[in-house]
Amino acid sequence: MLLVGGGALVAPCHASAQTRALVTTEENFRRDPNGTVLGRLDPGTSLRILGEEGNWTRVELEGWVWLRSLQRSENPSHDLVVSAEGGENLRSGPSGTILGTLEEGVLLEELGRDPAWARVARVGWVWSASIDREAAPAAVTTPTRDPPRDVASGPAARVPGGFRSSGGSGGAILTAPDGDTLAVASPSSDVQVTRREGNWVRVRLEGWMWMPAADEAQAQSEEAITALDPAELGETPDAYLGRVVSWSLQFISLERAEAVRTDFFEGEPFLLARFGGGDGPFVYVAVPPERTGEVEGLVPLERIEVTGRVRTGASTLTGAPILDLISLDRSRNDR
């Protein structure tokens with residue numbers, strides 16, 4: 001095991017130190033597993049694999065950055081820092097292909113210099129599912145000489161009914177504007193826009209996937225963690241994301257999220273409830289808009305059994321856990 005920054009134990013990679021991988025979809029480059037975002041990497045970017053920890057891979061990223069966007073770092077372990085407001089592109093060579101973007105304030109190690117460019121490296125972490133080792137080349141792709149200024153693509157074509165096209169090249173769908181890749185929309189697929197924040201939009205994508213009924217029931221049964229309570233979720237909010245829990249709750253009211261509740265989209269319906277009833281901790285249960293009819297008849301202080309998937313173990317505003325509703329049972333009410 002290797003000890004890295006912050007005291008995290010990392011399992012060394014069994015392959016040689018030169019094992020490389022390619023980024024397969026637009027993805028975050030982070031300082032630690034699920035930690036601070038240092039930048040975003042474009043598909044096709046080559047990385048050197050250094051180790052693994054759970055679902056995360058420790059990698060070294062190399063590329064070139066325009067010197068005017070850098071300053072000398074006061075940090076003894078790094079030579080340079082990204083100083084450009086809003087961050088700067090990382091390229092395969094001077095004026096070369098864009099590999100991704102680095103956030104303002106990111107520290108870098110200098111490996112070499114061109115009259116107007118610096119060759120840099122940075123160690124960080126990526127989500128393992130977003131890289132492909134088998135597709136990786138033996139070395140970094142030879143740089144190409146593209147114009148240094150990016151040409152913005154035109155707006156996506158509008159389609160009727162509140163939907164928009166994903167454009168000719170498709171795009172990554174993220175868990176949040178600075179979140180990890182959740183899915184990839186294929187070129188020219190239609191997505192429904194439910195909210196806009198600047199150049200980011202929250203979208204809803206409908207489709208079908210193969211999931212036999214028996215397998216789904218078995219998976220839910222295996223995933224349910226009835227002994228897990230809100231306090232345990234609050235201790236490690238990110239540890240149980242996506243897990244399924246079955247809780248006995250006391251319904252208080254049906255609410256709709258205001259803009260300040262950043263863990264919801266604005267106007268999203270949710271149940272305000274207490275875990276176990278009485279003086280138990282508050283719990284939020286997000287309800288899909290098309291299922292609000294199922295919960296509108298609930299009576300305040302009514303006991304309900306809820307099965308839901310953990311959206312977050314501690315909401316940003318109040319610290320209460322948020323579940324995404326899977327099923328609701330009113331038949332076990334105390335009489």
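The questions and answers below cover nonpolar cores, salt bridges and one tryptophan in a predicted model.

This is a predicted model in which local features need pLDDT of at least 70 and side-chain atom pairs count only at pLDDT 80 or more, while totals for chains, interfaces and linings use all residues. Residues are numbered from 1 along each chain as its sequence is written, and side-chain values use heavy atoms, with hydrogens and water left out.

Q: Which residues of the largest nonpolar core touch the most other members?
A: A nonpolar core is a set of buried Ala, Val, Leu, Ile, Met, Phe, Trp, Tyr and Cys residues joined through side-chain atoms within 4.5 Å. Buried means under 20% relative accessible area, exposed over 50% and partly exposed in between, with a 1.4 Å probe and protein chains only. The largest core has 22 residues, and those touching the most other members are Leu47 and Leu108.

Q: How many residues are in the other core, the one that includes Leu233 and Ile304?
A: Apart from the largest core, which has 22 residues, lies another one. Its members include Leu233, Leu249, Val295 and Ile304, and its size is 18 residues.

Q: Which residues are linked with Arg113 in a network of salt bridges?
A: Arginine 113 and glutamate 110 meet through their side chains at 2.9 Å, N to O. Arginine 113 is partly exposed at 47% relative accessibility, and glutamate 110 is partly exposed at 21%. The network links Arg113 with Arg72 and Glu110.

Q: Is arginine 261 buried or exposed?
A: The side chain of arginine 261 forms a salt bridge with that of glutamate 258 (3.0 Å, N to O). Glutamate 258 is partly exposed at 44%. Arginine 261 has a relative accessible area of 16%, so it counts as buried.

Q: What separates the C-alpha atoms of tryptophan 200 and proline 177?
A: Tryptophan 200 is in strand E19 and is partly exposed at 40%. Beyond its neighbours within four places in sequence, tryptophan 200 is in contact (heavy atoms within 4.5 Å) with Leu174, Pro177 and Arg195. Tryptophan 200 and proline 177 are 23 residues apart along the chain, and their C-alpha separation is 6.6 Å.

How values were computed. Helices (H or I, at least four residues) and strands (E, at least two) are DSSP runs, numbered from the N terminus. A salt bridge is a side-chain nitrogen of Lys or Arg within 4 Å of a carboxyl oxygen of Asp or Glu.
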